[in-house]
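Good morning, colleagues. Please look at the sequence and the structure as they come up, and I shall then go through several contacts within the chain.

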Amino acid sequence: MANSGTTSALTCLSTSDIITKVVEYGIEVTELEARKFRDNDVDGEAISYGLTETMVAYLFEGSFKNQEYGSFPAVFTLPTFPKDIQTKLDAKQPCHKVSTDRHKIVRILHETMAQYTMYPTNSEYIKVAKALIFRYPFLKDMEGNGYNTWHMSLKRRFKAERTPLVHHEVVRNMKRSSDIISVSGEDESSIYAHTQVLKRQYLKAQPDSCIVTNAMTKTFQWRRNEVAEGVRADTIANKYPFLKTPAGLCEEMNRIHNIENLQHRFREEFLPILPKVLALAKGKSPLEKIYLQAREESLSEDLPAMDFKAGLVLLPIIFKEKVEHHVTLEEPGTPYPTTQLTHTDWKSAFTRRGPSGSKRMGLSCAGPNTLTFVQRCILKISEEGDKPLSTTVIRILNQLY
């Protein structure tokens, strides 16, 4: 980021000053291009907000929309990536888990696609994402169709790069003080400040709950926009780290669905079906044996809490899903909703008194049958446009209720 002195000096420059500076740097500016600067009030203040590559392209070459392109190929051929990335891909390294590597891959794919069109169709996005996954299958998403996050990343990249300067009046809007505030009184600068506060608090042994709640509340609408735009769940969780904690994630769900106490609702709805959950999971997992052995060695007063924990851990089994995709003792290998326990072994996870230490990854309960069941049937959370419950979930519902 530029320091405040540099930014202040920049914002004082007029449109004519900017044109003069550009020429001084050795860039030829035609009369038509200079007129575009003046017509769009491109002065120092406007530039301080940042111009995208497409805005610059408009100023100097014309709108991408009016450029001529060749037709998109029937079979998309992947480009050669920068040497550092290509070496990792050839070695089958999980580049998609390293944000800088992932961004480079998306950038190169975007640049290759942009040779044909700046307005790809949905099928063209999918064609490119599938080509990437077919060539490098280790880059697949852990869930879903395998390429959805690549599809969304490309879509966001094009959206950011193709916004015509004049059509959307981006610079003019930025310069109007009433429009600088983007979401609920916040802008990129204030959101950055809030996230830095959250990250510092997250590193503390005892975070200040008032500070955390205040920052999470102020960034909520901005965060929801990021989710709607398809930003990866793990990216959001890293930016707002308290979403990795059980309490933080529950509070977020409370904000999203206006629920007073999500944890209380879960307990109230899950307890009545707990015996049947344990019965359906009987004999279907080595974890159940560990739980039963630990149960035999425990005091009767500890059994209700043990049974509750066991029900939560074994729940995926009744949907024929892997427990480790939902609950794990190790670092989750997926950006999807997963509970990572801090216990060193499963026996202590079942028997230790008090709340279980854990951290969460993911922001929504949608996808696999277990999570759909928790969302729709336990927490009673549904939204317009939700798909009908799967046959598997309905079959289990019939056995539990």
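Predicted model: local features only at pLDDT ≥ 70, side-chain atom pairs only at ≥ 80, totals over all residues.

In helix α6, Asp 84, Ile 85, Lys 88 and Leu 89 meet Asp 101, Lys 104 and Ile 105 of helix α7, where contact means heavy atoms within 4.5 Å. The residues of this contact comprise 3 nonpolar, no polar and 4 charged; here Ala, Val, Leu, Ile, Met, Phe, Trp, Tyr, Cys and Pro count as nonpolar, Asp, Glu, Lys and Arg as charged, and the others, Gly among them, as polar.

Residues are numbered from 1 along each chain as its sequence is written, and side-chain values use heavy atoms, with hydrogens and water left out.

How do α6 and α7 pack? Helix α6 covers residues 83-90 and helix α7 residues 99-114; their axes are 10 Å apart, at an angle of about 105 degrees. The two helices are therefore roughly perpendicular, a label for angles of 65 to 115 degrees. Axes are lines fitted to C-alpha atoms, for helices over the stretch in contact, and angles run from 0 to 180 degrees between N-to-C directions.

Turning to the chain overall, there are 24 helices and 3 strands, taken as DSSP runs numbered from the N terminus (helices H or I, at least four residues; strands E, at least two). Of the 401 residues, 42% count as buried; buried means under 20% relative accessible area, exposed over 50%, and partly exposed in between, with a 1.4 Å probe and protein chains only. Among contacts with a separation of 6 or more, 64% come from residues 24 or more positions apart.

Next, the salt bridges, of which the structure holds 10. The criterion is a side-chain nitrogen of Lys or Arg within 4 Å of a carboxyl oxygen of Asp or Glu. One of them pairs Lys 239 with Glu 226 at 2.6 Å, N to O. This pair links distant parts of the chain, 13 residues apart: Lys 239 belongs to helix α16 (residues 233-239) and Glu 226 to helix α15 (residues 220-228). Lys 239 is partly exposed because its relative accessibility is 25%, whereas Glu 226, at 11%, counts as buried. A further salt bridge joins Asp 234 and Arg 232 at 2.8 Å, N to O, and both of these residues are buried.

Helix α17 contains another such pair: Glu 252 and Arg 255 lie 3 residues apart, about one turn of the helix. Their side chains form a salt bridge of 2.9 Å, N to O. Glu 252 is buried at 2% relative accessibility, and Arg 255 is partly exposed at 21%. Salt bridges with shared partners join Arg 223, Glu 252 and Arg 255 into one network. Buried residues of α17 also include Leu 249, Cys 250 and Met 253. Just after the helix, Asn 258 takes a positive phi of about 55 degrees.

Finally, where does Ile 273 lie? Its place is in the loop between α18 (262-270) and α19 (274-280), and Ile 273 is buried, with a relative accessible area of 2%. Beyond its neighbours within four places in sequence, Ile 273 is in contact with Phe 373, Ile 378, Leu 400 and Tyr 401. The C-alpha atoms of Ile 273 and Ile 378 are separated by 9.8 Å, although these residues are 105 apart along the chain.

Terms used. Parallel < 35°, antiparallel > 145°, perpendicular 65-115°, else oblique.
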